[in-house]
Amino acid sequence: MASLTEPDFTLLRDALGPLRDREQVAERLLESSLRHSYDPDTELDWDAPFEDGKWFWPPELLSLYDTPLWHRMSEEQRIDLSRHEAASLASLGIWFEIILMQLLVRHIYDKSLTSKHVRYALTEIADECRHSMMFARMITRGGSPEYPVPRAYHNLGRVLKTVSTTPGSFAATLLGEEILDWMQRLTFPDERVQPLIRGVTRIHVVEEARHVRYAREELRRQMATAPRWEREFTRLSCGEAARVFSDCFVNPKVYDNVGLDRREAVAQVKASGHRREVMQAGAKRLTDFLDDIGLLSGPGRRLWKSSGLLA
């Protein structure tokens, strides 16, 4: 059995400065969880009717925004696209969160069960359970189908979560959290968006801020102490995860379901400069951080560039 004794991380530093004590970070996150945690079933008005003319996702964040196809679409069709793209993102979020919960359980398996670090991980797992149920309810309430990732990527997820290194797990966690978080921070204050969607994104933003902090701090510790082979493997797995995430961001079936030609829509999204700018802006805070701690180099960096998330 692996040792439960942890190194003194306060004696280590990386390019961002000294590493913080695990227990102190976890204690602050636990205190924040007590003050700012929400039950979506009671916090949100799930029975309120949707408001005519309001979006389900900000139009500027939709995949086809400002493309030639967008300019041919009616306002009603654009809003319907926003409903389906919101469902696609929620479906992707559930997939990522289910993987994340498994990675967190693996992370704490050999650690002290009475530590605050483990206690916060269990708290985060409980958060992610609520988020997954909230997203599923949002999809159902919106009247759109669920949009699972392609079967090949679904099965690739099985492999990645099985062979992932610990730093790889936290890098993938941040990939799944930070880009959606950036978009949701633009969504919940946007009065053009349906109140229910704004409420869902507000809850997710508040609670995900803690998850991002936990993952960033742990990823720094892991990269400072991991052997060279593990750091190199993590660079590759992180780059591959970025490619998969980018490819799955919007399920092409959404275009079929709003009456568009799928091949034409996919081609215009790939050619869209606006879409490329949105995705890179959403990823910039994350890619800057990963670059600072040495995760964006070599073949892994080329995978990030091929994903379209890194300029």
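Mentor: We shall take the cysteines and then turn to the cavities.
Mentor: This is a predicted model, in which local features need pLDDT of at least 70, side-chain atom pairs count only at pLDDT 80 or more, and totals for chains, interfaces and linings use all residues. Residues are numbered from 1 along each chain as its sequence is written, and side-chain values use heavy atoms, with hydrogens and water left out.
Trainee: How many disulfides does a search of the whole structure find?
Mentor: The search finds zero, a disulfide being a pair of cysteine sulfur atoms within 2.5 Å.
Trainee: Is C238 buried or exposed?
Mentor: C238 is buried, at 2% relative accessible area; buried means under 20%, exposed over 50% and partly exposed in between, with a 1.4 Å probe and protein chains only.
Trainee: And what about C248?
Mentor: C248 is buried as well, with a relative accessible area of 7%.
Trainee: Changing topic, which helices supply at least two residues each to the lining of the largest cavity?
Mentor: They are α4 (75-108), α6 (151-163), α7 (166-187) and α9 (228-248), where helices are DSSP runs (H or I, at least four residues) numbered from the N terminus.
Trainee: Which residues lie nearest its centre?
Mentor: Of the 18 lining residues, F96, I99, L160, A172 and A241 lie nearest the centre of the largest cavity. On a 1 Å grid over the protein atoms alone, a cavity is a set of points where a 1.4 Å probe fits but cannot get out, and lining residues have an atom within 4 Å of a point.

Note on methods
1 Å grid on protein atoms, 1.4 Å probe; cavity = no way out; pocket = protein on both sides within 12 Å on 5 of 7 lines; lining within 4 Å.
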